[in-house]
Amino acid sequence: MPTVLDDIIAGVRLDLADRQAVTSLADLERQVTEVAPALDAEAAFRRAGLGVIAEVKRRSPSKGDLAQIADPAALAASYAAGGATAISVLTEQRRFNGTLADLRAVRGQVDVPVLRKDFVVTEYQLIEGRAAGADLALLIVAALSDAELSRFLTLTRELGMTGLVEVHDEEETRRAVDAGATVIGVNARNLKTLEVHPDTFARLAPLVPETSVRVAESGVRGIEDAQRYADEGADVLLIGEALVTSDDPAATIAAMTAIPTREVVVEVAR
């Protein structure tokens, strides 16, 4: 029986085919040469203090409509003013009501790294994201084979981008580490059922090398959750719903980024 993730990816492939019929890969590759180089998101994540990837998110499959967000660039600017380390922009249309136009608008407004949050299943999408100004790409291990994950990570780096590799269980974490991921996001939400399991990060974080950046995804409702994740070893939080529904997202981000964290060491070749 198809899972929620299977259904989402099926829709992503249909929408992708429509875009490919309009814009060729060659056109995208030409556009990539015309945009400014990608910002170094991984370096930003390794700075002292708890990092926050603040998300522009109109709706979700689990909660439905969250916020109208008529001006994603203005929302992103408020996130940046609060000290967000990076901005995540949902570009999936069917379940999240996002577009690449949102990503372009945000990229034109802020000077921090921007993540294209989508369900990547082809190299085309990685190049498409870079052409739109993305500095990071989300790579969901559950949606990719080992060969695809390795190939997509390589292309992401060739484009100058940072790959945020998302995992949900022990096996996916092992696969991410084996593929050479250095920024690993642990999502507490099971994308096959949409259930949130708050203990997921604490269980999987010890499997992520000390030299990698650990990102906690889902389940952050306020400062107490942020502190708990930091105590469990998170370097960065990815937060959507709690910010788009907040009366003062900038203040929320400022409070979270003030939380101290471990120092992320960089492995030195000997």
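Helix α6 is mostly covered, with eight of its nine residues buried (buried means under 20% relative accessible area, exposed over 50%, partly exposed in between, with a 1.4 Å probe and protein chains only). Helices (H or I, at least four residues) and strands (E, at least two) are DSSP runs, numbered from the N terminus. This is a predicted model, where local features need pLDDT of at least 70 and side-chain atom pairs count only at pLDDT 80 or more, while totals for chains, interfaces and linings use all residues. Residues are numbered from 1 along each chain as its sequence is written, and side-chain values use heavy atoms, with hydrogens and water left out.

- The buried residues of α6 are Tyr124, Gln125, Leu126, Ile127, Glu128, Gly129, Arg130 and Ala131.
- Their cover includes α1, α2, α5, β5 (114–117), β6 and α7 (146–158).

**Barrel**

- Eight strands close into a barrel with parallel pairing, in the order β1-β4-β5-β6-β7-β8-β9-β10 (two strands pair if DSSP finds at least two bridges between them).
- From one strand to the next, the twist averages 25 degrees (axes are lines fitted to C-alpha atoms, for helices over the stretch in contact, and angles run from 0 to 180 degrees between N-to-C directions).
- Helix α4 (residues 72–81) packs on the sheet and touches β1 (51–56) and β4 (86–90) (contact means heavy atoms within 4.5 Å).
- The direction of α4 makes about 165 degrees with that of β1.

- In β7, six of six residues are buried.
- Thr162, Leu164 and Glu166 lie on one side of β7, and Gly163, Val165 and Val167 on the other.
- β6 and β7 pair in the parallel sense over five bridges, and Leu138 has Leu164 of β7 as its bridge partner.
- β7 (residues 162–167) and β8 (residues 183–187) pair in the parallel sense over three bridges, and Val167 has Val186 of β8 as its bridge partner.
- In β9 (residues 213–217), five of five residues are buried.
- Val213, Val215 and Glu217 point one way from β9, and Arg214 and Ala216 point the other way.
- β8 and β9 pair in the parallel sense over five bridges, with Asn187 opposite Glu217 in β9.
- β9 and β10 pair in the parallel sense over three bridges, with Val215 opposite Val236 in β10.

**Pockets**

- Pockets and cavities are found on a 1 Å grid over the protein atoms alone: a cavity is a set of points where a 1.4 Å probe fits but cannot get out, and a pocket is an open set with protein on both sides within 12 Å along at least five of seven lines. Lining residues have an atom within 4 Å of a point.
- Grid points are joined across faces, edges and corners, and a volume is the space filled by probe spheres set on the points.
- The largest pocket holds about 630 Å³ of space. Its lining has 31 residues, and the closest to its centre are Lys57, Arg189, Ser218, Gly219 and Glu241.
- β6 (136–140), β10 (236–239) and α11 (241–244) each supply at least two residues of that lining.
- The lining of the largest pocket divides into 14 nonpolar, six polar and eleven charged residues (Ala, Val, Leu, Ile, Met, Phe, Trp, Tyr, Cys and Pro count as nonpolar, Asp, Glu, Lys and Arg as charged, and the others, Gly among them, as polar).
- The second largest pocket has a volume of about 200 Å³.
- Of the 15 residues lining the second largest pocket, Arg19, Leu100, Ala101, Arg104 and Glu128 lie nearest its centre.
- α2 (25–32), α5 (100–107) and α6 (123–131) each give at least two residues to the lining of the second largest pocket.
- That lining has six nonpolar, five polar and four charged residues.

**Cavities**

- The count is two cavities of 30 Å³ or more.
- The largest cavity has a volume of about 60 Å³. Val12, Asp15, Arg19, Thr91, Glu92, Gln93, Arg116, Asp118 and Gln125 line the largest cavity.
- Helix α1 (residues 4–22) gives the largest share of that lining, three residues.
- The lining of the largest cavity has one nonpolar, three polar and five charged residues.
- The second largest cavity has a volume of about 40 Å³. Its lining residues are Arg116, Val120, Gln125, Leu126, Gly129, Ala134, Leu136, Ala137 and Met161.
- α6 gives the largest share of the lining of the second largest cavity, three residues.
- By class, that lining has six nonpolar, two polar and one charged residues.
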